[in-house]
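My entries follow the order in which I looked things up.

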Amino acid sequence: MNKIGDLPDILPAFPLPGALLLPRSRLPLHIFEPRYLAMVDDALKTQGRLIAMIQPNPGRAGDEKGLHKIGCAGRITQFSEMEDGRYMLTLAGVSRFRLLGEVDGFMPYRRVDVNWDGFEQDLKESEADTPYDREAFLNLLSKYFTVRDLSADWETLKDADDELLVNSLSMMLDFEPEDKQALLEAPSLSTRRETLVTLIEYFLRGGDAEEMMQ
């Protein structure tokens, strides 16, 4: 599936607040609810093995029943079934999509009608960032990790290419669901990095973090 036209219009949906999947990135998931176990079983029977990751949006319930307008489809690339029936699986991000509506039916899980137009870049091999001060970015990140008492393999971070670095941080760092949605909807890698910097700086300017910025 390397063209928009190869992607299906209807996908099983996994609404999960705070979970961010980005194109060409990987998201591990632990599936245990019966309706989502059924969703995985059905997805594995399809050629694409796609699942729509999309965040709930309870503040704007309507035709989309409280779902955000933009999500990201992921392909099941790895899975293992536990003795009690749970699944541990990995989704590889394929492309973002725009939500058109929800599909009625008798499935125990939700299904969505989607449109892929405008996200052609997601299907390419990688996305380049504009030139920026990478050292300053890593210094800012170091302050954030210190305040949050997080550990990191800094040599790996320094050596990572821009897309891997920005997307991995966007998915991994513990931001609010609305912030995660802003990172998902960023139109380019450069915009996502700028959004990431804004979120980190906002956190560091608050509370006990003010001293770290001096």
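Before anything else I wrote down the term I would need: a crossing is left-handed if the near helix is turned anticlockwise from the far one by less than a right angle, and right-handed if clockwise. I also noted that what I have before me is a predicted model.

Entry on α2 and α6. With that definition in hand, I looked up the crossing of α2 and α6 and found that it is left-handed. The axes of these two helices come within 10 Å and cross at roughly 40°. Since an angle under 35 degrees would count as roughly parallel and 65 to 115 as roughly perpendicular, α2 and α6 are therefore oblique to each other. I then listed the residues that meet: from α2 they are Phe137, Leu140, Leu141, Lys143, Tyr144, Val147 and Arg148, and from α6 they are Arg193, Leu196, Val197, Ile200, Glu201, Phe203 and Leu204. Sorted by class, this contact of α2 with α6 has 10 nonpolar and four charged residues, with no polar ones.

Entry on α2 and α4. Next I turned to helix α2 (residues 134-148) and helix α4 (residues 162-172), whose axes come within 13 Å and cross at roughly 20°. That angle makes α2 roughly parallel to α4, and I noted that their crossing is left-handed. On the α2 side I found Arg134, Phe137, Leu138, Leu141 and Phe145, which meet Asp162, Leu165, Leu169 and Met172 in α4. The residues of this contact of α2 with α4 divide into seven nonpolar and two charged, with no polar ones.

Entry on the rings. Which residues do ring pairs link into a cluster? I found Tyr144, Phe145, Trp154, Phe175 and Phe203 joined in this way. The structure holds eight aromatic pairs, and I looked up one of them, that of Tyr144 and Phe203, which is edge-to-face with 5.2 Å centre to centre and 70° between the planes. This pair links distant parts of the chain, for Tyr144 lies in helix α2 and Phe203 in helix α6 (residues 189-204), 59 residues apart.

Entry on accessibility. Is Tyr144 buried or exposed? At 1% relative accessibility, Tyr144 counts as buried, because buried means under 20%.

Definitions and conventions: Residues numbered from 1 in each chain as written. Predicted model: local features only at pLDDT ≥ 70, side-chain atom pairs only at ≥ 80, totals over all residues. Heavy atoms only, no water. Axes fitted to C-alpha atoms, helices over the stretch in contact; angles between N-to-C directions. Helix = DSSP H or I, 4+ residues; strand = E, 2+ residues; numbered from the N terminus. Parallel < 35°, antiparallel > 145°, perpendicular 65-115°, else oblique. Contact = heavy atoms within 4.5 Å. Nonpolar A, V, L, I, M, F, W, Y, C, P; charged D, E, K, R; others polar. Phe/Tyr/Trp six-rings, centres within 6.5 Å; stacked < 30°, edge-to-face > 60°. Buried < 20%, exposed > 50% of the residue type's maximum accessible area, 1.4 Å probe, protein only.
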